[in-house]
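Trainee: I want to check the labels on this model against their rules. Can we take them one by one?

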Amino acid sequence: MSTPADRALKLPAVPARRSIRDHVAHALRAALVAGELRPGQVYSAPQLAAQFGVSATPVREAMLDLTREGMVEPVPNKGFRVTELTQRDLAEYVAVRELIEVPTVGVVARTGDPERLEELRPVAHEIVDAARAGDLVAFLEADRRFHLALLELAGNRRLVEVVGALRGHSRLYGLAALAEAGRLMESAEEHEILLDLVIARDAPAAESRMRTHLRRLDAQAKDPAP
């Protein structure tokens, strides 16, 4: 009987403009979102490389990228373990993110450059397009770029680093739950609403919308039924 670690993973052809490392990382994110890589399971770089048909080096580098994002954790002399996340873990991560991101969005609403904010509009559209297509990996990547770029406008690089790490721990579980309940589009459309509020310099409304957006993850994990 095959185990989750034995099941073959697919790696599509590598586009010329994307490195093998980036392409492997994209494929691994897809496998994580789809549940092909199981929480708690340990995977070695050579094992995954054999399934992808590439050398172990880009796989190891890609797994280190995912480690920084909080999706996997290194296991000495064995490989990488997919991070397990309980409902309590998710609730705690969301609570910390709320303490950081809500007031920071308010700062950006009061001080952000409207032209730089408007540059996030195409990314907000990408999130909606990904949700419509049911592409969870594209959604995850665009969502991450949108929120970190928005927070970056507050001018605190360390804050962005901290939030990036927190998002890696919390986002995977919440995203899957939203998709399973058919509520992904609702979450996607909130990004443009949030952007409009920030550009309008309505800090209280922007903070409220950001708070609702974050709490949706926690609520969805507790009650996944549509």
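Trainee: What makes β2 and β3 a pair?

Mentor: Strands pair if DSSP finds at least two bridges between them. Four bridges join β2 (residues 72–75) to β3, and the two run antiparallel. So β2 and β3 count as paired. Within the pair, Glu 73 stands opposite Arg 81 in β3. Three residues lie between the strands of this hairpin, and Asn 77 takes a positive phi near 65 degrees. Strands here are DSSP runs of E, at least two residues, and helices are runs of H or I, at least four, numbered from the N terminus.

Trainee: How many bridges join β1 to β3?

Mentor: Two bridges join β1 (residues 42–43) to β3 (residues 79–82), again antiparallel. The rule asks for at least two. Tyr 43 has Phe 80 as its bridge partner in β3.

Trainee: Why are β1 and β2 called edges?

Mentor: The open sheet has three strands in the order β1-β3-β2. β1 and β2 each have a single partner strand, so one side of each has no neighbour in the sheet.

Trainee: How far can I trust the details?

Mentor: The model is predicted: local features need pLDDT of at least 70, side-chain atom pairs need 80 or more, and totals for chains, interfaces and linings use all residues. Numbering starts from 1 along each chain as its sequence is written, and side-chain values use heavy atoms, without hydrogens or water.

Trainee: Why is Arg 167 called buried?

Mentor: Buried means under 20% relative accessible area, exposed over 50%, partly exposed in between (1.4 Å probe, protein chains only). Arg 167 has 3%, so Arg 167 is buried. Arg 167 sits in helix α8 (residues 157–180). Beyond four places in sequence, Arg 167 is in contact (heavy atoms within 4.5 Å) with residues including Arg 97, Asp 143 and His 147.

Trainee: What makes a set of residues a nonpolar core?

Mentor: The members are buried Ala, Val, Leu, Ile, Met, Phe, Trp, Tyr and Cys residues joined through side-chain atoms within 4.5 Å. The largest such core has 61 residues, and Leu 28, Phe 146, Leu 150 and Val 198 have the most contacts inside it. Helix α7 (residues 136–152) gives the largest share, nine residues. Leu 28 touches, among others, Leu 37, Leu 48 and Phe 52, leaving out residues up to four places away in sequence.

Trainee: Which residues line the largest cavity?

Mentor: The lining is Leu 32, Leu 37, Tyr 43, Leu 48, Met 63, Leu 66, Val 72 and Val 82.

Key
On a 1 Å grid over the protein atoms alone, a cavity is a set of points where a 1.4 Å probe fits but cannot get out, and a pocket is an open set with protein on both sides within 12 Å along at least five of seven lines; lining residues have an atom within 4 Å of a point.
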